[in-house]
Amino acid sequence: MRIEPGGFQSLWAFDITDHAAFTVAAAQTLEVIAAFDGFIEGHLLHNVDDHGRYVVATRWVDVGSMRRAMSSTRAKIEVWPFLAAMRDEPPRSSVQPMQEK
């Protein structure tokens with residue numbers, strides 16, 4: 001996934017034991033959030049060094065788009081239960097996009 005300048009990226013980290021059930025739930029969640037205005041793309045990423053660690057990365061037009069989407073009734077019903085298993089980590093606000101060479 002290439003990070004574009006501008007916009008807003010959200011990273012959700014998970015420690016998983018049931019890989020099959022998680023990947024199905026992640027795909028369903030990405031399908032739901034893809035319908036929201038301002039959503040650009042989303043990916044399920046798997047850590048090759050820690051086989052129980054996954055990250056769901058989403059990209060939005062701006063932070064407001066993500067906030068409006070995640071505060072909707074549909075997200076509260078269909079996305080938030082998935083996010084309940086998310087790792088409690090501080091935001092990575094200092095992460096900067098890599099510049100292409």
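Q: What counts as a strand here, and in which strand does Arg-53 lie?

A: Strands are DSSP runs of E with at least two residues, numbered from the N terminus. In this predicted model, Arg-53 lies in strand 3, which covers residues 53–60.

Q: Is Arg-53 buried or exposed?

A: Buried means under 20% relative accessible area. Arg-53 has a relative accessible area of 18%, so it is buried.

Q: What does the side chain of Arg-53 make a polar contact with?

A: Its partner is the side chain of Asp-15, at 2.7 Å. Asp-15 is also among the residues that Arg-53 touches, once residues up to four places away in sequence are left out. That list includes Ala-13, Phe-14, Leu-45 and His-46 as well.

Q: How many residues of strand 3 are buried?

A: Seven of its eight residues are buried, so strand 3 is largely enclosed by the rest of the structure.

Q: Which strands pair with strand 3, and in what sense?

A: Strand 1 pairs with strand 3 in the antiparallel sense, over eight bridges. Within strand 3, Val-56 stands opposite Trp-12. Strand 2, residues 39–46, also runs antiparallel to strand 3 and is joined to it by seven bridges. Leu-45 has Val-55 of strand 3 as its bridge partner.

Q: How many residues lie between strand 2 and strand 3 in their hairpin?

A: There are six residues between the two strands of this hairpin.

Q: Which residues of helix 2 are buried, and what do they pack against?

A: An α-helix has 3.6 residues a turn, so residues three or four places apart point the same way. In helix 2, residues 63–70, the buried residues are Gly-64, Ser-65, Met-66, Ala-69 and Met-70. They pack against strand 1, helix 1, strand 3, helix 3 and helix 4.

Q: What does a side-chain oxygen of Asp-62 reach at the start of helix 2?

A: The oxygen comes to within 3.3 Å of the backbone nitrogen of Gly-64.

Q: How many residues are in the largest nonpolar core, and which have the most contacts inside it?

A: The core has 20 residues, and Phe-14 and Ile-33 have the most contacts inside it. At least two residues each come from strand 1, helix 1, strand 3, helix 2 and helix 4. Helix 1 gives the largest share, five residues.

Q: Which residues does Ile-33 touch, not counting residues up to four places away in sequence?

A: Ile-33 touches Trp-12, Phe-39, Thr-58, Trp-60, Met-70 and Val-79. One of these, Met-70, is a buried residue of helix 2.

How values were computed
Residues are numbered from 1 along each chain as its sequence is written. This is a predicted model: local features need pLDDT of at least 70, side-chain atom pairs count only at pLDDT 80 or more; totals for chains, interfaces and linings use all residues. Side-chain values use heavy atoms; hydrogens and water are left out. Helices (H or I, at least four residues) and strands (E, at least two) are DSSP runs, numbered from the N terminus. Buried means under 20% relative accessible area, exposed over 50%, partly exposed in between (1.4 Å probe, protein chains only). A polar contact is a pair of N or O atoms within 3.5 Å; within protein, one must be able to donate a hydrogen and the other to accept it, and residues adjacent in sequence count only if both atoms are side-chain atoms. Contact means heavy atoms within 4.5 Å. Two strands pair if DSSP finds at least two bridges between them. A nonpolar core is a set of buried Ala, Val, Leu, Ile, Met, Phe, Trp, Tyr and Cys residues joined through side-chain atoms within 4.5 Å.
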